[in-house]
Structures are given as C-alpha cells and as structure tokens.
Amino acid sequence: MPQTLNKALEPFLIIVGSLTVSMVLFGIFVASAGADPFEVYQTMYRAAFGTSFSWQNTLVRAAPLMLTALCTALPGYLGLIIIGGEGAVVMGGLFAAIVALTMPTAPPIVVLTTMALAGMIAGGVWLMIGGALRHYRAVNETISSLLLNYIAIALLNHLVTSTFRDPESLNHPSTHHIGEANMIGVIPGTDLHWGLVFGIVACVIAWFLMHHTVFGFASQIAGGNVRAAQVAGLPVGRLILIICCAAGAAGGLAGMLEVAAIHGRANDTLNANYGYAGILVAFVARNNPLAIIPVAVLLGGIRASSGLLQRTHELPDATVLVMQGIIFLVILFSETLYGRFSRLQKQGAS
Amino acid sequence: MEVGWWGVLIAVLGGAIRIGTPFLFVSLGECLTEKSGRINLGLEGTLVMGAMTGYAVSLHSGSPWLGVLCAGLAGMVLGALHSWICSFQRVNDIAVGIAMMLFGTGLAFFLGKPYIQPSAPRLPSIDLGAWSDIPQLQAALQINALFLVGIVVAVVLGWMLKNTAWGLKVRVVGESADAARALGLPVDRIRILSTAQGGFLAGIGGSYLSLYYPFNWSEGLSSGQGLMAVALVIFARWQPIGCLWVSLLWGGAAALGPSLQSVGVTGGYYIFNAIPYIMTLAMMIITCSPKRTLVGVPRELTVTR
C-alpha cells in the first residue's frame, strides 16, 4: 500500500474504529439500563438527522461548538492546551450586549458589526491573557485559562446584577434587551440563524491560515520544538499572542451570536458549557479546523437527540452526557494506536 | 447580645469549615495524584459521582457512614479508570481528565435521577460551640466529623509522603519516571494506585456535599469544587497541610459574600466568589517565571512543562 494512502487512511480508520467501539460500549450501557440499544440509536438518528426540522435543531447546536472548538484547536498547533473557551464565550457575549446598549439609535447593521467586533476583541483579549502569562511568566496555560473561566463568569454575574441590570428581569438578572431590530435573523428559507455560516467560515479560515500560510507553518514549527523555532529566529511570543487572540475571538463571536441570535440579552445562560463541549470537539477533530465541522455537527446531533430519547425511551437527559463521555474517552485512548497501526499495515502489505 | 460585624467574622469562620471541607478532600486527593506525576482534571466528575453514590447508599441502607464509604469506592473506580487510560503511550492526562469530568457527571445524573426527591439520612454533626451562648457562634462551630477526618488525613498524608517508603516511591515516580524505572519501581502501578486513592478522597468530598452541606442530591449540587482542586493544590504548593489552610481560605472567601449581606452590604457578591480564583492566578503569576518553576512541584507533571 502506498505510504501517502496509509497516512490518510490511518486517522480515518482509527476514528471510525473508535466511534464503533464507543457505540458498542454505549449500547451495552443503555441495554443494562433496560432500553433496546438498536431502537435507541434509531431514535437518536431520527432526532438528530431524520427530518429537516431535526437537522436544523442539530445545526443550531453545532454552530457555537465549531467556534468554541477553535478556542482549543488553534493554540493546539503551538502545543498549548487552552480550556478557556467558556470564558471567551462569556466575555464575548457580555461585551457584545454592552456595546449594543450604548448605541440605541444606530442602524442594525452598524450595531451588529460593532457587537461582533466587541465580542471578538473581548474574547480575544481574554485568552490572550493566558497566552501572555504562558510566554512571559511560564504560567501553565491550561490552569490559567480554567481560572479565567471562573473570573469571567463572576464578572458577568456581577455586571448583570449591578451596573447593567434591567430592573424588569426579576428572577433572572439580565442586561436590557438589545432591541428586536438588532437581532441577527435567520438564513433565508430556513429557521437557522447566521451562526452556522460564521462557524463554518471561521473553521475554513483557520484551516487555510494554519495549513497554507507562512504564519501557520511557523506556528507548527514552534509547536513542535520551541527551542528550534527560537534558533530559527521565529517570534514565538508573538505567535502565541496572535493565535490565542484569534482563538479567543472565535469564542467571543460564539458569545456574541448567543446574544444577537438567541437571547437578545446577556445573562448567565451564556455559561451553557459550549466552551467545555468545544474542547471535546477539538480533541476528537485532532485540532484540525476542517475536521471540526463534521465533529461539531455529530456532537450537535447527539445533544439534539436528548429530548426525544427522554420522551420515547424514558432515558434521563444525562444519557447523552454519558455517551459524550464514552466517545471522548475511547477517542483519547485511541491516540495510543497511532503508529502501531501503520506498522501492522505495512507488514500486512509486504 | 448584638453581634453585628462580629457576626460576619463568625459566619466566615463557620463557612470556612462548612464550605471548605469538600475542598479539603478533593484537594488532598488531587495532591496525592499530582505527587505521583499525573494531573486529574476529572475530579469534578468524581465528586459528583461520590455525592450521588453517598446519597443513594445512605437512603437505601439508612446509614450515612456507609454512604460515605461507598462514595469513596465509586471515586476510587473513576480514579483507577482515569489512570489506567493515561498509562498508555501518548494519551494526554489533561484531556482524559476533561472526558472523565463529562463521563462522571453524566453517569451520576443518569443513575441519580430517582434520588432527586427522597430525603436520605444525614451525617451527624458535633457541637463544639455548646459552651457559648451566642447562637451564631454555636451555628458556626457545629462541625461535621468529616472535617476532623480531613484534618487527620492531611496530617497523616503529609507525614507518609515525607517519611515512609511508600511516600518516597510516590515522590520518585512524580519527580522522574526514568529514575523510578532505573530503580525498578513499577511507575504505572504506583500512579494508578495514587490516582485511585486520590479518587477515593474526592468521592468522600462529594458525599459531604450530598449528606451534610448543602445536604441534598440535585444536578446543580457541585459548583466546580472538583475542577478547582487543581488550583488549590498549586496554591498549597503540593503540601497536604497546605491543602487544609487553602481549603479553609477558599471556604471563608465563599462565605464572605452571603455573610456581608446579612449586615447590609449587598454589592460585590459575585466578586467575592471570584476572589479565590483571582488569588490563585496572582500567586501563579508571582511565583512562576521563565527561569524557574514553582517550588515543590513534582517534575513529571504536565503543568510544569
């Protein structure tokens, strides 16, 4: 078998194999809970991809995951593990809502553009803090980005219960509504908001940047060996800052879309675990921005099916959490198979 | 007798113990795991699983202490699973931790659905404040036995890591896997044991949540105590006794907001909650530098690379 085919086939086979193993494990799990696994999978398929309505439900959930996955995937090229997507979403949504409220008379297109910029800057700066601390103070980026998540959530809760509180939001402290005219609307002919388009475009741009530009090549070198990159004269610090900023901007955009397309205000619903689910998507996609798109759709589908699973099989809504956990564990485990597998293949071919 | 601002202090003291106890157990568990050179971000899942198991067993058996034990065992299983997966080549322990968090909480919510309504027997508390006639002080000094157990575990763990052959083995494995292998130590087995024991402690921390304070089982029970264990251990400089002080500090900071509310200071509730996180970040910024790493950190830890 030619070497190049081998190289492309290996990850594909391993991913498909891991998904199959996870489905078997999850099947055993639901069977032990008293449900018929085949029927459960049928229901899940119907709920996630069976009708155009379920496709829309799936895609709406997939859109923010594509963006938050980039929060982890892009720094991954530099060998950094950033888990601060949640914080970037929260900061992005918060600041997008705040700027929208400062411009009550501007036309919607201006408001939306400003919101997107504000959200991306807020998210970008937030993750850039983690990158800067890593480079200049050698503070571990995983821990600092985790801490920044909690600080962002506290800041959000503080501001929506004090300075920016809409007095009418009694039980659920929120900012004022940004105004119906400023909502981003749906893609014509569908019920899907524009978030999906933003998500796909962001992933394609990220892929092009990391795989087809000098900047991306430099980042991959720096990710492989920092010392070698420094010897080659690469500005490692600047690469870290720019990539963390871009990653945070993607998360911030996801937060802005939550506000401008769904809630209309900033409140604690921004903290809906899209950031943590995005980490899962990035790991399963092995940080490849193009692979993020189908993985996000798959995970969106799994999450979309939770309601129907509950109604038809009386399985608790946490069932899909268990499934995500199993898939994630098996795929991480499969990481150990890379290399061993190709040796086997070569032996088989010769 | 008017207590006023003294009330705030007393409430913070009581809160430090009451809210700090689960922090103490998860941070001790994480400390032991990290001493062996692995980081377990999945203790959040372990904690929630422990909370559910403890509550369910206490309800069925009528004995909250049996619940605590089973919560520990459930945590041990999750810890062993984490470290078994991590013992394969190229498997990233941080990523597996996030997966275990998802898996553990998912499993706990799945199995715990029937236990949201019924009320299980509660862990008893010890009145250390009976000598005082100030009700606030009495309430603050109503201490759960698990807190005292936690203090003992912290002292014993610190002593064992320092003075026993087992402690030395764990530390060698955490400092340098290569050196440990050269000495003929079974690196993977020691790490699996340490992580499983760490999971046991974290599971007990979870049972404290469901069986003592806040004393219920629901899906919103944990507020990230398990995730924060990693930060606590850094703050404690990988010293079990340090975990005790840091947990009390954390609990006190969390109690500050509500107790200030009782004397009319309502603003900044959420900011007070964020203080521990800001302090941890500040401490890491101050003590880390590109030239040296944190003092006391096990060198095999991915956090230091």
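A nonpolar core is a set of buried Ala, Val, Leu, Ile, Met, Phe, Trp, Tyr and Cys residues joined through C-beta atoms within 7 Å; a residue is buried if 20 or more other C-beta atoms, placed from the backbone, lie within 10 Å of its own. The model is predicted, with local features needing pLDDT of at least 70 and side-chain atom pairs pLDDT 80 or more, while totals for chains, interfaces and linings use all residues. Residues are numbered from 1 along each chain as its sequence is written, and chains are lettered from A in the order in which they are written.

**View 1. The largest nonpolar core.** Among its 222 residues, A:Met66, A:Leu70, A:Leu253, A:Val281, A:Ile292, A:Ala296 and B:Leu232 touch the most other members. Helix 10 (residues 236–263) of chain A supplies the largest share, 17 residues; helices are DSSP runs (H or I, at least four residues) numbered from the N terminus.

**View 2. Surroundings of A:Met66.** Leaving aside residues up to four places away in sequence, A:Met66 touches A:Gly199, A:Ile200, A:Ala202, A:Cys203, A:Ile292, A:Ile293 and A:Ala296. Contact requires C-beta atoms, placed from the backbone, within 7 Å.

**View 3. Where chain A meets chain B.** Here 35 residues of chain A are in contact with 39 residues of chain B. Helix 6 of chain A gives the most to the side of chain A that touches chain B, with eleven residues.

**View 4. Helices 6 and 11 of chain B.** The axes of helix 6 (residues 145–163) and helix 11 (residues 240–261) of chain B, lines fitted to C-alpha atoms over the stretch in contact, come within 7 Å and cross at roughly 150°. The angle, taken between N-to-C directions from 0 to 180 degrees, therefore makes helix 6 of chain B roughly antiparallel to helix 11 of chain B, a term for angles over 145 degrees.

Definitions and conventions. Helices (H or I, at least four residues) and strands (E, at least two) are DSSP runs, numbered from the N terminus. Angles under 35 degrees count as roughly parallel, over 145 as roughly antiparallel, 65 to 115 as roughly perpendicular and the rest as oblique. Two residues are in contact if their C-beta atoms, placed from the backbone, lie within 7 Å. A residue is buried if 20 or more other C-beta atoms lie within 10 Å of its own, exposed if 12 or fewer, and partly exposed in between; C-beta atoms are placed from the backbone.
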